[in-house]
2 protein chains.
Amino acid sequence: MDSSKRKCRIVIDVMGGDFAPGNNILGIRQVLEESQNLRNNLQIILAGKKAEIEKSAAEHKLDLSKVEILDCDDVIEMSDSPVQAVRVKKESSIVKGMYYVKEGNADAFVSAGNTGAMMAASTFILGRIPGVERPTIGTMLPNVYGVCAVFDAGANVDAKPHHLVEHAVLGSIFAHEILNKPNPTVGLLNVGEEEGKGNEVVKKAHELLKETKLNFVGNVEGKDILKSNIDVVVCDGFIGNIVLKFAEGVIVLLKHLIKSYADASLTNKLKIGLVKNSFREIFSDLNYEKYGGVPLLGVNHISIIGHGSSSPLAIKNMILKAAEMHEKDLINKLKEAVKAHLG
Amino acid sequence: MDSSKRKCRIVIDVMGGDFAPGNNILGIRQVLEESQNLRNNLQIILAGKKAEIEKSAAEHKLDLSKVEILDCDDVIEMSDSPVQAVRVKKESSIVKGMYYVKEGNADAFVSAGNTGAMMAASTFILGRIPGVERPTIGTMLPNVYGVCAVFDAGANVDAKPHHLVEHAVLGSIFAHEILNKPNPTVGLLNVGEEEGKGNEVVKKAHELLKETKLNFVGNVEGKDILKSNIDVVVCDGFIGNIVLKFAEGVIVLLKHLIKSYADASLTNKLKIGLVKNSFREIFSDLNYEKYGGVPLLGVNHISIIGHGSSSPLAIKNMILKAAEMHEKDLINKLKEAVKAHLG
């Protein structure tokens with residue numbers, strides 16, 4: 001397949017996120033301006049209230065003749081109860097946009113909106129890949145070797161041991177195709193490296209993972225996410241979500257410590273002033289915007305969920321990631337892998 | 001009680017840790033040199049092989065006339081199976097030292113040795129406070145408001161909801177007495193703030209915590225450990241341990257990012273050189289040595305567990321922390337709290 005020629009149609013939930021529709025419109029504009037090559041194959045579909053889209057597009061100078069609009073009368077708010085909202089708000093951008101993908105009119109859906117609603121709509125509307133019981137979201141954390149993907153980062157809590165195996169299979173394919181890892185190493189997040197460590201779920205999961213054909217390297221600890229050469233770390237969504245959010249807290253704490261130091265004296269302020277740009281460069285790897293959003297794997301189409309506070313850059317990167325996943329035919333590769341490993 | 005006059009006898013496991021006995025001997029010397037006031041009330045007991053203690057003391061110029069030696073023929077190695085080692089190695093510094101405390105010859109035991117063996121020996125030999133089913137270790141993490149104590153950080157995995165309540169009670173008293181928090185706020189670590197979030201254990205624990213007289217503020221997320229005004233965060237030891245070790249990984253990653261930046265060009269190297277000391281000052285709060293070790297709460301005497309790689313500074317701070325816990329009569333306060341809240 002000549003993937004460079006493959007047409008890619010991506011639906012963006014323009015109403016999603018804390019800074020909607022503005023940041024979504026700006027992100028889309030950046031994609032259209034910067035990706036000349038991609039643009040020829042890329043069709044962007046804006047799901048949302050038409051009037052609001054037109055107003056925001058005018059304000060942010062997005063040329064609407066280059067895109068398609070899927071007019072949606074309703075919006076799932078960040079505060080809405082996810083499952084309930086997906087059931088009731090049939091005209092919302094998330095539900096209508098997801099059906100648009102399911103019915104073959106588009107290849108991917110991306111949204112910085114209500115995370116729970118995105119997971120529910122993806123699972124219920126797009127449907128699960130045969131053999132997958134629990135779709136999983138992965139978060140990319142920067143590490144000493146580049147990046148580590150943690151599955152699951154919050155799609156499901158109270159995971160059973162075999163769900164962790166599903167995460168491992170889906171995560172491995174993602175790491176291979178999208179993170180360009182030739183033979184991704186998979187680690188099981190635990191409280192110690194020795195076999196037999198941990199709670200009942202991971203003890204059993206360890207046994208199951210050993211039996212797979214994955215490149216399973218055994219138990220890994222919290223620190224290994226950041227400092228070891230592990231491509232995919234597998235854990236319950238309860239833990240992955242706490243780790244992901246703890247990592248967000250690290251950025252806040254670092255900024256606070258640097259500011260406190262600068263505020264302590266004029267000399268300190270001058271010193272920090274000198275290296276402000278260096279700081280930005282050093283810590284740029286810690287910026288979530290680089291990865292844009294988290295993929296939900298295990299459903300029948302591409303679905304990417306962005307941070308509620310997504311910037312235009314994060315929106316742009318989510319769209320580009322969705323396009324890459326489509327070009328690389330990720331969904332079919334996931335289906336094949338599930339059949340091979342879990343069938 | 002005039003606590004300043006209270007005699008404090010602390011047993012230090014001189015054989016414990018990756019750099020034993022050297023770092024332990026150096027840490028003890030620092031305590032004796034620096035704490036003139038404390039020294040008058042402080043009796044330090046060195047548990048370990050007498051010959052090795054004498055050799056290391058000579059090498060590191062520790063005056064043994066100021067201390068007591070508890071000669072122990074055996075050592076529990078870092079690689080020993082904890083429960084087994086505690087059962088079999090009756091002459092080890094951990095087992096013999098712990099009995100020395102239990103029998104009333106000393107008030108506290110500190111060790112940078114085998115963590116599992118320390119937990120097992122503390123629980124089996126010192127015994128649990130009546131009403132406590134699962135003793136808990138707490139880790140102090142720096143945050144925007146100073147420090148946040150996370151209980152449990154690995155003493156027990158697969159905790160039941162009522163164990164989390166135990167952690168909350170013990171952690172609150174610790175935060176009040178040792179971290180000087182007037183009315184410690186307690187948060188339940190979860191994947192979202194809303195009630196009803198999370199796995200089955202935390203849902204039930206949430207209900208139980210609401211019924212206590214603790215200053216329970218509800219669910220908190222991973223990021224709140226570092227950025228919110230929460231004094232005590234309660235979680236299963238499996239999760240707390242992963243978070244604690246992830247935090248260790250953050251330091252490694254930061255050092256790596258700074259070094260990579262410096263190595264990229266001579267200009268970068270010079271820039272980093274200019275602010276090297278600032279970095280050290282800014283990140284000093286992230287240094288685990290400040291807290292020395294983690295307290296094991298819920299047993300009948302003071303027990304502090306150090307990091308295997310404890311520096312002399314960390315050893316010193318562990319000893320001082322044990323002395324403070326004794327001066328403040330922490331164990332009796334914990335007993336009273338357990339009776340009041342869990343009785």
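I started with Lys160(A), which counts as partly exposed because 15 C-beta neighbours lie inside 10 Å. My scale for this: a residue is buried if 20 or more other C-beta atoms, placed from the backbone, lie within 10 Å of its own, exposed if 12 or fewer, and partly exposed in between. Before going on, I noted that this is a predicted model, where local features need pLDDT of at least 70, side-chain atom pairs count only at pLDDT 80 or more, and totals for chains, interfaces and linings use all residues. Residues are numbered from 1 along each chain as its sequence is written, while chains are lettered from A and ligands numbered from 1 in the order in which they are written.

I found Lys160(A) in the loop between strand S6 (146-151) and helix H7 (161-177) of chain A. Helices (H or I, at least four residues) and strands (E, at least two) are DSSP runs, numbered from the N terminus. The C-alpha atom of Lys160(A) is separated by 8.1 Å from that of Ala205(A), 45 residues apart along the chain.

Asp158(A) sits in the loop between S6 and H7 of chain A too, and its phi is positive, near 60°. With 14 other C-beta atoms within 10 Å, Asp158(A) is partly exposed.

I also looked at Asp152(A), placed in that loop between S6 and H7. The peptide bond from Phe151(A) to Asp152(A) is cis, with omega near 5°. In chain B, a cis peptide bond joins Phe151(B) and Asp152(B), with omega about 10°. I kept a reminder here that most residues other than glycine have a negative phi, and most peptide bonds are trans.

Is Asn180(A) buried or exposed? Asn180(A) is exposed, with 9 other C-beta atoms within 10 Å. I located Asn180(A) in the loop between H7 and strand S7 (185-189) of chain A, and its phi is positive, near 55°.

**Helix H3 of chain B**

Which residues of helix H3 (residues 50-59) of chain B are buried? They are Ile53(B), Ser56(B) and Ala57(B). Seen down the axis of H3(B), they fall within an arc of 105° (taken over the directions from the helix axis to the C-beta atoms), so they line one face of the helix. On the other side, Ala51(B), Ala58(B) and Glu59(B) are exposed. The buried residues pack against helix H1 (22-34), strand S2 (42-48) and strand S3 (68-71) of chain B; here, contact means C-beta atoms, placed from the backbone, within 7 Å.

**Where the chains meet**

I then turned to the two chains: 42 residues of chain A are in contact with 42 residues of chain B. H10(A) gives the largest share of the side of chain A that touches chain B, 17 residues.

Helix H11 (residues 266-282) of chain A meets helix H11 (residues 266-282) of chain B, their axes coming within 10 Å and crossing at roughly 140°. Axes are lines fitted to C-alpha atoms, for helices over the stretch in contact, and angles run from 0 to 180 degrees between N-to-C directions. Leu274(A) and Val275(A) are among the H11(A) residues in this meeting, with Leu274(B) and Val275(B) among those in H11(B).

Finally, I saw that chain A can be laid on chain B with an RMSD of 0.0 Å by a turn of 180° and a shift of 0.0 Å along the axis. The superposition is by least squares on the C-alpha atoms of residues with pLDDT of at least 70 in both copies.
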